[in-house]
Amino acid sequence: MKRIDLHNHTTASDGTLTPAEAVVHARLLGLDAIAVTDHDTPAGLPEALDAGQAVGVEVIPGIEVSVDWQGRGIHILGYFIDPAASSLRHLLNWVVAERRRRNEAIAALFREDGIDITLDKLVKSNPDSVIGRPHFAAALVEMGYASDVTDAFRRFLDRGQRYYRKREYIPLRRAFEVIRDAGGKAVFAHPLQYRLPEADLLELTRTLVDAGAVGMECLYSQYGPEETAYLQSLAARFGLCVTGGSDFHGARKPIEMGTPDVPYELLEALKAR
Ligand code: AMP
Ligand code: ZN
Ligand code: FE
Ligand code: FE
């Protein structure tokens with residue numbers, strides 16, 4: 001069976017493998033295709049596409065963005081985007097500025113409490129990355145304030161904790177317009193992540209379909225067979241194609257690329273949309 005993984009992060013956002021290393025990793029695992037889907041940036045895509053050519057792995061240029069739905073950040077994957085599209089660049093500049101504002105606020109709060117974290121230091125230790133909470137978490141672990149990234153989120157950075165600061169997410173319809181303008185296809189990522197009551201999940205799915213979503217990530221590293229079956233029935237009900245991926249972040253999360261098994265046929269069906 002030809003296998004794929006349509007959800008992977010690199011050092012361009014909060015993964016720990018460079019784009020080229022991630023593609024080589026896919027090759028070593030025997031995967032036939034992977035999508036590179038960094039948060040809020042296409043910056044890793046040229047390197048990943050080159051590496052794919054070099055080692056014989058099909059690389060799908062992708063992105064993962066957070067869109068606003070009732071004040072929550074809902075993750076949308078965009079596949080087959082043109083990394084150089086100007087509308088995309090414009091939108092992501094705004095996102096990065098908003099992240100900077102929020103990162104400065106979080107760092108200032110840590111310093112107020114005597115924890116010496118500056119944005120400058122985070123940028124220096126993560127050059128060329130879109131900086132987010134995972135990088136704060138890694139710094140807290142390194143400085144001995146947390147035992148691991150999960151612990152750092154739980155005690156410091158999760159919503160409801162002292163150092164959590166909200167950021168503004170992209171208006172939902174605008175995100176879909178920009179993905180479409182950039183030649184991309186939009187997919188609802190890990191729909192069970194938000195622990196929504198079923199009625200809300202249905203309402204959200206309807207909203208995303210109306211905005212232009214073509215697929216749903218039903219196969220996901222955190223979901224068991226029952227959850228996957230449920231999502232597949234939901235996808236069928238809304239006329240969405242089924243996709244799947246691991247949400248690989250290298251050493252930042254205990255998830256291996258290529259879990260679960262995702263058959264190549266799902267990529268063909270996505271391409272056909
Ligand atoms: P941000 O976009 O800066 O708010 O950071 C969100 C990212 O942090 C998510 O995409 C996850 O990769 C990671 N994350 C969120 N919550 C946790 C957690 N409890 N443990 C580990 N990583 C997390
Ligand atoms: Zn991430
Ligand atoms: Fe996500
Ligand atoms: Fe992700």
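These legends walk through a few close-up views of a predicted model.

**View 1. The iron ion (ligand 3) and the residues that hold it.** Here Glu64 (OE), His75 (ND1) and His190 (NE2) coordinate the iron ion (ligand 3), at 2.1 to 2.2 Å. Along the sequence, these donor residues follow the spacing E-x10-H-x114-H.

**View 2. One glutamate, two irons.** Look for glutamate 64 again: this residue bridges the iron ion (ligand 3) and the iron ion (ligand 4), and the two ions sit 3.3 Å apart.

**View 3. The iron ion (ligand 4) up close.** This ion is coordinated by His7 (NE2), His9 (NE2), Glu64 (OE) and Asp247 (OD), at 2.1 to 2.2 Å. The arrangement counts as irregular because the 4 donor atoms subtend angles of 78 to 169°. Histidine 9 lies in the loop between strand E1 (3–5) and helix H1 (19–28), 55 residues from glutamate 64 in strand E3. Histidine 9 is buried, at 0% relative accessible area, and glutamate 64 counts as buried at 1%. There's a zinc ion here too: ligand 2, 4.6 Å from the iron ion (ligand 4).

**View 4. Where helix H3 meets helix H7.** Helix H3 (residues 86–112) packs against helix H7 (residues 172–181) at an angle of about 145°, with axes 8 Å apart. Their crossing is left-handed. On the H3 side you'll find Ser87, Leu88, His90 and Leu91, while H7 brings Arg174, Val178 and Asp181. Sorted by class, that contact has 3 nonpolar, 2 polar and 2 charged residues.

Conventions: Residues are numbered from 1 along each chain as its sequence is written. Chains are lettered from A and ligands numbered from 1 in the order in which they are written. This is a predicted model: local features need pLDDT of at least 70, side-chain atom pairs count only at pLDDT 80 or more; totals for chains, interfaces and linings use all residues. Side-chain values use heavy atoms; hydrogens and water are left out. Donors are N, O and S atoms within 2.8 Å of the metal (3.2 Å for Na, K and Ca); water is not among the atoms, so sites may look incomplete. Axes are lines fitted to C-alpha atoms, for helices over the stretch in contact, and angles run from 0 to 180 degrees between N-to-C directions. Helices (H or I, at least four residues) and strands (E, at least two) are DSSP runs, numbered from the N terminus. A crossing is left-handed if the near helix is turned anticlockwise from the far one by less than a right angle, and right-handed if clockwise. Contact means heavy atoms within 4.5 Å. Ala, Val, Leu, Ile, Met, Phe, Trp, Tyr, Cys and Pro count as nonpolar, Asp, Glu, Lys and Arg as charged, and the others, Gly among them, as polar. Four donors count as tetrahedral if all angles lie between 85 and 135 degrees; four count as square planar and six as octahedral if opposite donors are over 155 degrees apart and all others between 65 and 115; anything else is irregular. Buried means under 20% relative accessible area, exposed over 50%, partly exposed in between (1.4 Å probe, protein chains only).
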